[in-house]
Amino acid sequence: MHLETRVLVTGGAGFLGSHLCECLLKSGASVICVDNYFTGTRRNIDAMLEHHHFELLRHDVTFPLYVEADQIYNLACPASPIHYQHDPVQTTKTSVHGAINMLGLAKRLRAKILQASTSEVYGDPSVHPQREDYWGNVNPIGPRSCYDEGKRCAETLFFDYWRQHKMPIKVARIFNTYGPRMHPNDGRVISNFIVQALLGRDITVFGDGEQTRSFCYVDDLIDGLVRLMNSTDQITGPINIGNPKEFSIQELASLVIELTGSRSRIVHRPRPQDDPQQRRPDISKADDLLGWAPRIPLKEGLTRTIAYFEQLLKDETIRPFIAHDRGTEA
């Protein structure tokens with residue numbers, strides 16, 4: 001009946017969702033973007049609004065949705081600690097009720113569905129690097145639990161629907177991702193460091209800065225998600241999607257200062273509860289099953305991201321809303 005693949009993207013006006021919508025449109029798909037604008041923004045999707053294969057729906061995935069689609073990417077959920085801790089009950093509901101509603105829709109439509117899970121399911125890992133068969137070390141009652149456990153429960157639901165209803169599912173565990181369209185107030189380490197450096201503020205680092213992260217540029221991440229969605233039904237995941245090259249937070253701060261030419265000083269604050277010491281994916285599975293590996297090095301990706309934030313900060317209507325004097329969380 002339809003000449004193009006119809007794809008539903010929840011959280012489509014967010015950082016990752018908007019890049020995914022853009023990629024899908026370029027591939028010739030018809031895209032339904034769903035977002036309630038808690039962290040997403042119309043600015044991220046402005047360039048797509050006039051596209052004849054793009055449709056925008058303002059909707060909260062904790063309520064059922066009735067549309068037609070061939071594929072569903074479930075990305076809806078605030079992903080930074082500052083945002084998901086703002087309303088932790090709603091965060092859990094978004095992960096759990098959202099998964100139930102999207103799985104129910106996929107079941108009715110017999111559509112393939114992908115869950116955007118997270119490296120946070122590993123918690124503060126005792127295994128390094130993290131492989132998909134590691135069950136994690138997660139605090140179920142801490143301040144980050146609404147996100148960590150919500151995503152873990154969503155994975156449970158996906159695999160129960162797969163076992164019980166034989167549905168074609170995909171689960172991607174996303175590691176730290178960065179790039180243009182990151183929210184300037186999301187409290188994430190890269191966006192905070194760049195904004196602080198460009199505004200000449202102190203760059204705040206939790207702890208001694210020796211904790212490590214791996215940073216994947218958004219274009220690489222989206223390529224991994226699309227490859228996973230379009231893989232055979234036998235490939236369900238979970239599959240780690242991230243960059244296996246590891247950097248300390250102190251190294252990242254120094255690199256941002258160098259690339260921005262900033263005179264900002266690095267200052268240290270106490271680490272928050274449950275902040276992981278190490279985070280790096282083992283991507284052997286993605287390489288073997290999807291032929292995927294990241295291509296864009298950190299320095300190149302940061303240069304592109306800095307250029308985006310430089311443009312954003314030129315908007316005098318935005319600058320007053322950039323948070324002041326805040327630490328970073330990764």
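## Pairing of strands S4 and S5

In this predicted model, tyrosine 73 has leucine 114 of strand S5 as its bridge partner. Strand S4 (residues 71–74) and strand S5 (residues 112–118) run parallel and are joined by 4 bridges. Strands are DSSP runs of E with at least two residues, helices are runs of H or I with at least four, and both are numbered from the N terminus. Two strands count as paired if DSSP finds at least two bridges between them.

Helix H3 (residues 88–109) packs on the sheet and touches strand S1 (6–10), S4 and S5, contact meaning heavy atoms within 4.5 Å. The direction of H3 makes about 175 degrees with that of S4; axes are lines fitted to C-alpha atoms, for helices over the stretch in contact, and angles run from 0 to 180 degrees between N-to-C directions.

## The sheet as a whole

The open sheet has 7 strands in the order S3-S2-S1-S4-S5-S6-S11, with parallel pairing. Strand S3 (54–58) and strand S11 (239–241) form the edges, each pairing on one side only. From one strand to the next, the twist averages 20 degrees.

## Strand S6 and its neighbours

S5 and S6 are paired in the parallel sense over 6 bridges, and leucine 114 stands opposite lysine 170 in S6. The chain passes from S5 through H4 to S6 in a right-handed β-α-β crossover: with the strands pointing away from the viewer, the path from the first strand over the helix to the second runs clockwise. Helix H4 (residues 145–165) lies across S5 and strand S6 (169–174), at about 155 degrees to S5. S6 also pairs with S11 in the parallel sense, over 3 bridges, where asparagine 240 of S11 is the bridge partner of arginine 173.

Because 6 of the 6 residues of S6 are buried, this strand is largely enclosed by the rest of the structure. Buried means under 20% relative accessible area, exposed over 50%, and partly exposed in between (1.4 Å probe, protein chains only). Ile169, Val171 and Arg173 are buried on one side of S6, and Lys170, Ala172 and Ile174 on the other.

## Helix H6

Helix H6 (residues 218–229) should span 16 Å at 1.5 Å a residue, and its end C-alpha atoms are 17 Å apart, which agrees. The expected span is 1.5 Å times one less than the number of residues. Of the 12 residues of H6, 9 are buried, including Val218, Asp220 and Met229.

## Basis of the values

Residues are numbered from 1 along each chain as its sequence is written, and side-chain values use heavy atoms, leaving out hydrogens and water. In this predicted model, local features need pLDDT of at least 70 and side-chain atom pairs count only at pLDDT 80 or more, whereas totals for chains, interfaces and linings use all residues.
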